[in-house]
Amino acid sequence: MMKRTVLSLLSATLMLGSIASHANTPAYVDSKEYKVLVDPTRFASNPSSAAATLLTNLSARLSALGFDKTVTGNFAAGNRDTLAYYDTPGTCPLNKRGYSLRTRAGDDTDIQFKFRHADEELSYWTDVSGAGKNKSTKLETDVTPGNLVLAHSTKQDATTTPTTVAALIKLFPGATTLSDVSTSALSKVAGVTVTQQEYDGPVSDIGESVAEFTLTLWYIDGATTPALAELSFRVDADADKYFTTPILTRSQTLNTAIGSIGNNWNIANDGGKTSWLYAYRSSSYPNGFCN
């Protein structure tokens with residue numbers, strides 16, 4: 001389902017030959033992910049029951065929008081992981097330059113280095129290469145109701161957690177653009193650890209591809225009630241037809257639906273999970289992680 005494997009820096013150099021005489025080739029994303037934050041308090045007592053209600057309300061909204069397909073299946077508990085994001089307190093050089101660094105342990109165990117930007121080609125040609133084992137790189141469109149960015153990321157086996165930007169560069173040589181802040185220390189964003197519980201199962205046949213839905217709950221520092229809830233769906237690019245007009249049209253209808261579910265599901269300020277965490281005011285950073 002991958003349209004194009006993102007080129008390594010070496011292969012890009014070989015392909016381009018002379019940068020002065022050849023333009024960059026167009027960027028093709030591997031997938032599109034549409035996402036929206038929803039009210040986390042609805043999942044405080046019985047997440048499975050709330051997830052079923054959410055799906056019912058979403059189906060009703062899609063019917064009202066005249067969606068010509070259906071959503072089938074039900075949410076069931078999926079992967080559970082412990083996450084932490086890293087940056088420098090106060091100055092936040094990674095975030096300010098469009099980067100993020102995340103570790104994950106549990107059902108999935110890896111470390112991920114990501115660059116996000118609204119410019120498709122800039123995101124595609126920004127080097128996020130890794131030096132670890134079992135590397136995988138992707139370019140994905142991230143869509144929230146009020147924003148669209150291209151996310152270029154590499155994840156690899158997690159062997160160590162970098163404590164400085166210099167250590168980050170050793171793990172991900174693509175981070176050499178941060179060399180001017182190489183001595184900066186890295187700490188957990190907001191000083192917290194996130195327990196992430198995913199629920200998956202519902203799908204919608206939208207033509208040449210399938211929209212796969214995920215409900216993600218975030219619990220902060222071992223809390224028993226979630227502080228964040230995100231509803232998303234992912235559409236992979238077809239290897240031959242990429243994204244057809246019917247796929248894109250139906251994806252936009254689905255995107256409209258998750259952004260206006262009704263029944264008090266949607267929350268006013270939706271900037272995505274990473275932005276939410278950077279803005280989170282914890283006991284360690286009561287005035288915010290970035291100043």
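Visitor: Where is D221 found?
Guide: In this predicted model, the backbone of D221 has a phi near 50 degrees, a positive value in a residue other than glycine. Most residues other than glycine have a negative phi. As for its place in the chain, D221 is found in the loop between β9 and β10.

Visitor: Which residues does G191 touch, not counting residues up to four places away in sequence?
Guide: G191 has its place in the loop between β7 and β8, and the C-alpha atoms of G191 and S129, 62 residues apart in sequence, are 27 Å apart in space. When residues up to four places away in sequence are not counted, those that G191 touches are D221, S284 and Y285.

Visitor: Is G191 buried, exposed or partly exposed?
Guide: Buried would call for a relative accessible area under 20% and exposed for one over 50%. The relative accessible area of G191 is 29%, and therefore G191 is partly exposed.

Visitor: What is the phi of A190?
Guide: A190 is found in the loop between β7 (187–188) and β8, and because its relative accessibility is 0%, A190 counts as buried. Its phi is positive although A190 is a residue other than glycine, and the value is near 65 degrees.

Visitor: How many Å apart in space are R281 and A190, C-alpha to C-alpha?
Guide: R281 lies in the segment after α7 (273–279), and it is exposed because its relative accessible area is 57%. Along the chain R281 and A190 are 91 residues apart, while in space the separation, C-alpha to C-alpha, is 6.8 Å.

Visitor: Which residue's backbone oxygen does the side chain of R281 reach?
Guide: Leaving aside its neighbours within four places in sequence, R281 is in contact with P286, N287 and G288. At a distance of 3.4 Å, the side chain of R281 reaches the backbone oxygen of P286.

Visitor: Which side chain is joined to that of E230 by a polar contact?
Guide: E230 lies in strand β10, and it counts as buried because its relative accessibility is 2%. Not counting residues up to four places away in sequence, E230 touches several residues, including K35, V36, T214 and L215. The polar contact has a length of 3.0 Å, and the side chain that it joins to E230 is that of K273.

Visitor: What is the volume of the largest pocket?
Guide: The largest pocket is lined by 42 residues, of which E33, K138, E140, E198 and K273 lie nearest its centre. The residues of this lining divide into 8 nonpolar, 17 polar and 17 charged. The volume of the largest pocket is about 1,000 Å³.

Visitor: Against which elements do the buried residues of α2 pack?
Guide: Helix α2 covers residues 47–64, and its 18 residues reach 26 Å from the first C-alpha to the last, close to the 26 Å expected at 1.5 Å a residue. An α-helix has 3.6 residues a turn, so residues three or four places apart point the same way. The buried residues of α2 include A50, A51, L54, L55, L58 and L62. The elements against which the buried residues of α2 pack are β8 (194–205), β9 (210–220), β10 (228–236) and α6 (245–259).

Visitor: Which residue with a positive phi follows α2?
Guide: Helix α2 takes in residues 47–64. The residue that follows α2 has a positive phi, near 75 degrees, and this residue is G66.

Visitor: With which side chain does the side chain of T154 make a polar contact?
Guide: T154 is found in strand β6 (residues 147–156), and because its relative accessibility is 0%, T154 counts as buried. A polar atom of the T154 side chain lies 2.8 Å from the backbone oxygen of V128. At 2.7 Å, the side chain of T154 also makes a polar contact with the side chain of T137.

Visitor: How many Å separate the C-alpha atoms of T103 and F233?
Guide: T103 lies in strand β3 (residues 99–106), and it is buried because its relative accessible area is 12%. Leaving aside its neighbours within four places in sequence, T103 is in contact with several residues, among them T82, L83, D110 and T161. From F233, which is 130 residues away along the chain, T103 is separated, C-alpha to C-alpha, by 22 Å.

How values were computed. Residues numbered from 1 in each chain as written. Predicted model: local features only at pLDDT ≥ 70, side-chain atom pairs only at ≥ 80, totals over all residues. Heavy atoms only, no water. Helix = DSSP H or I, 4+ residues; strand = E, 2+ residues; numbered from the N terminus. Expected span 1.5 Å × (residues − 1). Buried < 20%, exposed > 50% of the residue type's maximum accessible area, 1.4 Å probe, protein only. Contact = heavy atoms within 4.5 Å. Polar contact = N/O pair within 3.5 Å; in protein donor to acceptor, adjacent residues only side chain to side chain. 1 Å grid on protein atoms, 1.4 Å probe; cavity = no way out; pocket = protein on both sides within 12 Å on 5 of 7 lines; lining within 4 Å. Points joined across faces, edges and corners; volume = space filled by probe spheres on them. Nonpolar A, V, L, I, M, F, W, Y, C, P; charged D, E, K, R; others polar.
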